[in-house]
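This briefing covers selected features of one structure, grouped by topic. Please read the points alongside the sequence and the coordinates.

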Amino acid sequence: MPEDHDSRTHFVDTFRAMAKTFQAIQSKACLWAPSLLDYEHAAAPETSGSGFIVFVLAWGVKNGLLDGSEYGPVIDKGWQALTGAVEENGKLGWVQQVGNAPDEVRPEDTQFYGGGAFLLAATQMMDFE
């Protein structure tokens, strides 16, 4: 979106507010829960949504919308947790199954879209400072 677009400030403010919430609800496992609305009760790690969150936070830092000193540790911990969820055979675990609502996630659960989210995060992490 161009710097002079009438709605840019609104979207940047919304992006920053969402980033602040992602920072606040990162789990002790350094990932995010299957339900961002019920993260206190369903705190199992989940890698597909976490991959998208790492992607967007890193993108925000790299594009000057987020402060790297504030979000860098969140991003780094999230990335380390994501790479830790990759099994020796290359399978990404802890991916929520396809469904119409957040559900239980287990270490052996995987889906193709989880790998896609992981690769998107990797594109931002390749030269993340």
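This is a predicted model: local features need pLDDT of at least 70, side-chain atom pairs count only at pLDDT 80 or more; totals for chains, interfaces and linings use all residues.

Residues are numbered from 1 along each chain as its sequence is written, and side-chain values use heavy atoms, with hydrogens and water left out.

**Helix α1**

- Helices are DSSP runs (H or I, at least four residues), numbered from the N terminus.
- Arg8, Val12, Phe15, Ala19 and Phe22 of α1 are buried (under 20% relative accessible area; exposed is over 50% and partly exposed in between, with a 1.4 Å probe and protein chains only).
- An α-helix has 3.6 residues a turn, so residues three or four places apart point the same way.
- Thr9, His10 and Ala24 are exposed on the other side of α1.
- The buried residues of α1 pack against α2 (47-62) and α3 (68-84), where contact means heavy atoms within 4.5 Å.

**Aromatic pairs**

- The whole structure holds 2 aromatic pairs (ring centres of Phe, Tyr and Trp, the last by its six-membered ring, within 6.5 Å; planes under 30 degrees apart are stacked, over 60 edge-to-face, the rest tilted).
- Phe15 and Trp59 have ring centres 6.1 Å apart and planes at 80°, so the pair is edge-to-face.
- This pair joins Phe15 in helix α1 to Trp59 in helix α2, 44 residues apart.
- Phe15 is buried at 17% relative accessibility, whereas Trp59 is partly exposed at 32%.

**Gln26**

- Gln26 sits in the loop between α1 and α2 and is buried at 14% relative accessibility.
- The Gln26 side chain reaches the backbone oxygen of Cys30 at 2.9 Å, and one of its polar atoms lies 3.1 Å from the backbone oxygen of Val74.
- Not counting residues up to four places away in sequence, Gln26 touches Leu31, Trp32, Val74, Lys77 and Gly78.

**Ser48**

- Ser48 belongs to helix α2 and is buried at 6% relative accessibility.
- Leaving out residues up to four places away in sequence, Ser48 touches Val95, Tyr113, Gly114 and Ala117.

Conventions: Helices (H or I, at least four residues) and strands (E, at least two) are DSSP runs, numbered from the N terminus. A polar contact is a pair of N or O atoms within 3.5 Å; within protein, one must be able to donate a hydrogen and the other to accept it, and residues adjacent in sequence count only if both atoms are side-chain atoms.
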